[in-house]
Amino acid sequence: MSDAESKSLNFLEEIVEGDLQSGKHGGRVLTRFPPEPNGYLHIGHAKSICLNFGLGLKYGGGTNLRFDDTNPTKEEQEYVDSIEADVHWLGFEWKARYFASDYFQKLYDFAEYLITQGKAYVCDLTDEQTREYRGNFHTPGKPSPFRDRSVAENLDLFHRMKAGEFADGTRVLRAKIDVNAGNMNLRDPLMYRIRHAHHHRTGDAWCIYPMYDFAHPVSDAIEGITHSICTLEFEDHKPLYDWFLEQDVEAKFFQKPLPRQYEFARLNVTTTMMSKRRLLLLVEEGHVTGWDDPRMPTLSGLRRRGVTPEAVRAFAERVGVARRDATVDMGLLDLSIREDLEARCDRRMAVIRPLKVTVTNLAEGEIHWIELPNHPDAGRGTRKVPFGRELYVDREDFMEVPAKKWFRLAPGAEVRLRGACYLRCEKVVKDASGEVVELRCTWDPATLGGEAPDGRKVKGTLHWVSATHAVRAEVRLYDRLFTVDDPMDVPEGGDWRGTLNPASLDVVQAALEPSLGEAKAGERFQFERTGYFAVDADSKPGALVFNRTVGLKDSWAKVEAKA
RNA sequence: UGGGGAGUAGCCAAGUGGUAAGGCAGCAGGUUUUGAUCCUGCGUAUCGAGGGUUCGAAUCCUUCCUCCCCAACCA
């Protein structure tokens, strides 16, 4: 990173630094990450987490994890657990963990206060009528016939709502603001609705639940949040956020200065989607194996694929923070992953699609154990790899009619087998259907180790595995989940599911060098010339399973594409 | 036809009146027993468009255009 880049602050950092300088919050910085526990965290949330926790860390403050659990019909403990695990995995520690439901009593007390101030009223309109009265962008709203109930009546009704006297949907508590406001959020928004539902934390203690717009600012204020950061779509909720907090005119509920909301653009990434609802559909309809399917943009999916938290954080850093809608190329995530894995992974040889090679001038049973470095950087140790008469190379590394600039195996061509020797293809064996099933080759014993004493050069170096020593493993080759940049951009009447990539998963039986036989779930390797792979949770000794985390950059593919 | 945002190279993104950072992608080389990594070089971006203010504008004013969000008893 250059100096110029490291010095430029994003607009939120500028705001925080400005507040720090003016002493607005007495030098305090407290942010919060407020997920609703109704789904798994995805890469878009990662941006928000890195932003919120990053600000807390950078300015010596902290960040609260607060579950926004105000809707009992959608939220579950399972999601609470996964979210906590994901935040920890990403590498962040919250200063405190709260639930909006921790504040149900305080919220209720404040609502009661607003009623006594004539700022809130109980409304008996049905949801349909409420919508009608609210009007739309072009027509002003009409005041609810219940708008002018007396404080005493409102108080009584509100108490009885809480006591469970009324059925779901029969009454709501509304803020009395402005039924004609251009900002629809201000047309007497709902504060409470009746829901005789079991809440994952408060059980059956409540049958009225606060709405987000009421609960969120109040929760922020209770916790003493200084900067409440959310995404752009909440921008026109800000007047409401401020309105609620400003109604505490006697300062009986909150301490000043009040928290302030700031918005940034949410993250979009090509060839995937962040909609929790649609992600859920992918799971439910079986397009993926679960929330942690390695093709999912969820943190649990990325983790299972073998992505490290460091890579995700680096990605979030690169993506930046601004207020304009943006869609980042998935390639940027790939790059961040490769960059991280390049340094940390030991190298191994694995043949993804085995093609048999017989070294005809090598005696049966003659084995050379070759010592190979674990990493280009010295000091990372070595391991031994057996070289014998029967080998496998990747089918992709052989071309019967070589293309221009093809450096790999072809009839008569000589290549290097990584760490072993020079090898020349003498004969191609095909089966009845014409498919190439074996290459008969000769090696040059003088090149043992991989270099020719006579100085002759070879352009291609191939990975290989001894067939007699190979460890078999299932390898899951993952690719983009969708075939188009924006899966939602489908023609009229089309279904986004139609853009799902039918080849997003390719399962193959690979042949690995024997040292990989001991690989444990979670371990990561670079399979030389192929990509980065992680041992899947499904993996067992004797039945190994590897996930392709990301492929290596492939400049041959580019040459080929241009031809 | 209401309210709120945003428009800087293919994708992100700095810049806040003094004459356009950086990253990614792309292109061209070099090193290389991974066509990986690494290294070097390469961009005149009508700063959405027009008009204006100014010695000077991506930055100020003005008109216009385009895109995004808002009419859940969701968050």
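1. In this predicted model, 70 residues surround RNA strand B, and the closest are R195, R347, R408, G449 and S555. Of the RNA atoms that come within 4 Å of the protein, 62% belong to sugar and phosphate.

2. A polar backbone atom of V321 lies 3.3 Å from a phosphate oxygen of RNA strand B.

3. Several elements give two or more residues to the surface near RNA strand B, including α1 (3-7), α6 (127-134), β6 and α12 (309-319). The largest share, four residues, comes from α14. By class, this surface has 30 charged, 21 nonpolar and 19 polar residues.

4. Chain A is divided into domain 1 (21-264), domain 2 (276-346 + 473-562) and domain 3 (350-463). Between the C-alpha centres of domain 1 and domain 3 the distance is 65 Å.

5. The largest nonpolar core has 38 residues, of which F158, L173, M191, Y192, I208 and F214 touch the most other members. Among the elements that each supply at least two residues of this core are α7 (151-163), β5 (172-175) and α8 (212-223). The largest share, eight residues, comes from α5.

6. Which residues are in contact with F214, leaving aside its neighbours within four places in sequence? They are L107, F110, A111, L114, M191, Y192 and F244.

Conventions:
Residues numbered from 1 in each chain as written. Chains lettered and ligands numbered in written order. Predicted model: local features only at pLDDT ≥ 70, side-chain atom pairs only at ≥ 80, totals over all residues. Heavy atoms only, no water. Core = buried A, V, L, I, M, F, W, Y, C linked by side-chain atoms within 4.5 Å. Buried < 20%, exposed > 50% of the residue type's maximum accessible area, 1.4 Å probe, protein only. Contact = heavy atoms within 4.5 Å. Domains from an automatic or database assignment. Near = heavy atom within 4 Å. Polar contact = N/O pair within 3.5 Å; in protein donor to acceptor, adjacent residues only side chain to side chain. Nonpolar A, V, L, I, M, F, W, Y, C, P; charged D, E, K, R; others polar.
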